Amino acid sequence: MQYRSTRNTSPIASNGLLGFEDTVRAGLAADGGLYVPTEVPTIFNYAENAEEWSNLEYCQVAFRIFRKFIPAHEINDAELLAIVEKSYTAFDDEKVTPVVKMVRILELWHGPTFAFKDVALQFLGNLFDFFLSRPQPADSQSERTTRIAVLGATSGDTGGAAIYGLRGKRNVDVFIMHPKNRISPVQEQQMTSVLDPNVHNIAVDGATFDDCQEIVKVLMGNPEFKKKYSLAAVNSINWARILAQTTYYFVAYLAVMKELGLEGEKDVSKLPRLNFAVPTGNFGDILAAYYAKKMGLPIGDLIIATNNNDILHRFIQTGIYEKPTSPTTNPSDAVRITHSPAMDILVSSNFERVLWHFAHEHYDRDAVAASIAVRGWMDSLKIDGRFEAPEGVWRRARETFRSHTVCDADTVAAIGKWFGKTGYVLDPHTAVGVVSAEREIETLVAREIDPEKVYSVVLATASPGKFPEAVFEAVPVGLKYEEFAPEPLVRQAGLPKRMITVTVVGNDRQKAVDDVRRVLEATLGL
Ligand SMILES: *Cc1c(COP(=O)(O)O)cnc(C)c1O
């Protein structure tokens, strides 16, 4: 198994192909593309495997999937199993990602920061730990370092999950910037109360999330600085994060079929249609579902659930991928602020991967032709703010994904309605997924699909305790925070915090960049 960049246009077949470790260490490819497995192996056949797999624990399913994507000479069986098991011990549910029966909500938020990103970042943290702690083989072709500094910016969930995934790791320092006083109080408290010496929160006063992101870009874009401090990124385009997220689709699919007594069914056409509705921002979570389906899991529809930042929904409708225009001269003002902030994005970075796979099929499995096409589209996106996909690529997208866009009012209404009906409290991101799944059910008859034979699973991407503002808007009386928030979130309120503050004065971003650079230099002391 090797990985290639979506923008690798080299005609020489072996050029730029990487193994798993180098793919994970690289994150983004040097040519600006994302790494994809050139061929996705079929690893699952329902008639042959379902009965056995549905009796496996979460870690065993993860192991079987990951094994096919990580060559044994890079990580052997015992090592891989140990990394997987270590990654899911910090989850407070023994099933790791339980499907809640009554409403078929797939709860992905039982990890240490109570958002689904823990499923991937706990694993990525342990992978880094493993790669950095072991001696590198003498014939290693790349310049792999044994210490890294992870640098990132966050508007909330990612930074927290990265910090909890990397805290206490011996060979990693983690620097996470957030815009001071502009992330939710729950998230700020969660990140800054981690006091491990390798964790460095940087609050940037007077900055927005995009300013923080820009500081990361400037520092990462300086090759000397990047090399000197072995800077690494753990953002959602890292391949190991996508791989980690495939597991719960298998686990949830098998759990529902088992609940229906169908784990032994040999005739796949007799299985009900099982759809997944996925609250979507950067397209990492639903991309993992696409890969799981490619691996052989007979998933029904994949439903992209977006808030008013609906670039993906518009693409599925029109075949045109177009950034919204900004009302001001600052492009980031085009982002709509919603009740589901983890999905407030302009473009969905991981969409490039699925575009590559569609282009790969469209251009007769010619990897170079696919990369030339992707490169062209990404260039147009940068220059013109849009591109139009060829009909064959758009058709594949339409056949693979359904999509819905859900406004704040409908999100809040869904939280209120579900609480009233079932007593279950949805977080606002999950509520966007629930509304999308409900709307999808309404389309079934017109598509000549029997609604009786359709089951929907909505991915719950965060605990409602992380986003109480929307919950209280939906249920203004009679519900206390302690009643729906996990205990550690309730308890964290008074804990001591530690952060370094840097200040952006006026538009002087260069000073902020220099200040952050000095924080790294002072901390790492090189
Ligand atoms: C990150 C996040 C999402 C969006 O996931 P993507 O993989 O970026 O599409 C949705 N909900 C929550 C709570 C998140 O933290």
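Figure 1. F114 is buried, with a relative accessible area of 4%. In this predicted model, F114 sits in the loop between β4 (105–107) and α5 (117–133). The phi angle of F114 is positive, about 65 degrees, although F114 is not a glycine. Most residues other than glycine have a negative phi.

**Figure 2. E448, another non-glycine residue with a positive phi.** The phi of E448 is about 60 degrees. E448 is placed in the loop between α17 (428–443) and β14 (454–460). The relative accessibility of E448 is 76%, so E448 counts as exposed, the cut-off being over 50%.

**Figure 3. Packing of helix α10 against helix α11.** Helix α10 covers residues 239–259 and helix α11 covers residues 284–294. The two helices pack at an angle of about 65 degrees, and their axes are 8 Å apart. Their crossing is right-handed. On the α10 side, the contact is made by W239, I242, Q245, T246, Y248, Y249 and F250. On the α11 side, G284, D285, I286, L287, A288, A289, Y291 and A292 take part. Sorted by class, the contact of α10 with α11 has 11 nonpolar, 3 polar and 1 charged residues.

**Figure 4. The aromatic pair of Y58 and Y88.** A search of the whole structure finds 31 aromatic pairs, and one of them is shown here. The rings of Y58 and Y88 are 5.1 Å apart, centre to centre, with 65 degrees between the planes, and the pair is edge-to-face. Y58 belongs to helix α3 (residues 58–69), whereas Y88 lies in the loop between α4 (77–87) and β3 (99–100). The pair links distant parts of the chain, with the two residues 30 residues apart. Y58 and Y88 are both buried.

**Figure 5. The aromatic pair of Y321 and F387.** The ring centres of Y321 and F387 are 5.5 Å apart and the planes stand at 35 degrees, so the pair is tilted. Y321 is in strand β11 (residues 320–322) and F387 is in strand β12 (residues 386–388). The two are 66 residues apart, and the pair links distant parts of the chain. Y321 has a relative accessibility of 2% and counts as buried. F387 also counts as buried, at 4% relative accessibility.

**Figure 6. V234 and its contacts.** V234 is found in the loop between β8 (231–232) and α10. At 6% relative accessibility, V234 counts as buried. When its neighbours within four places in sequence are left aside, V234 is in contact with L121, L124, F128, V150, A162, L166 and R241. R439 is given as a point of reference: V234 and R439 are 205 residues apart in sequence, and 34 Å apart in space from C-alpha to C-alpha.

**Figure 7. Cysteines C59 and C407.** C59 has a relative accessibility of 15% and counts as buried, because buried means under 20%. C407 has a relative accessible area of 27% and is partly exposed. The structure holds 0 disulfides.

Methods: Residues are numbered from 1 along each chain as its sequence is written. This is a predicted model: local features need pLDDT of at least 70, side-chain atom pairs count only at pLDDT 80 or more; totals for chains, interfaces and linings use all residues. Side-chain values use heavy atoms; hydrogens and water are left out. Axes are lines fitted to C-alpha atoms, for helices over the stretch in contact, and angles run from 0 to 180 degrees between N-to-C directions. Helices (H or I, at least four residues) and strands (E, at least two) are DSSP runs, numbered from the N terminus. A crossing is left-handed if the near helix is turned anticlockwise from the far one by less than a right angle, and right-handed if clockwise. Contact means heavy atoms within 4.5 Å. Ala, Val, Leu, Ile, Met, Phe, Trp, Tyr, Cys and Pro count as nonpolar, Asp, Glu, Lys and Arg as charged, and the others, Gly among them, as polar. A disulfide is a pair of cysteine sulfur atoms within 2.5 Å. Buried means under 20% relative accessible area, exposed over 50%, partly exposed in between (1.4 Å probe, protein chains only). Rings of Phe, Tyr and Trp (its six-membered ring) pair if their centres lie within 6.5 Å; planes under 30 degrees apart count as stacked, over 60 as edge-to-face and the rest as tilted.
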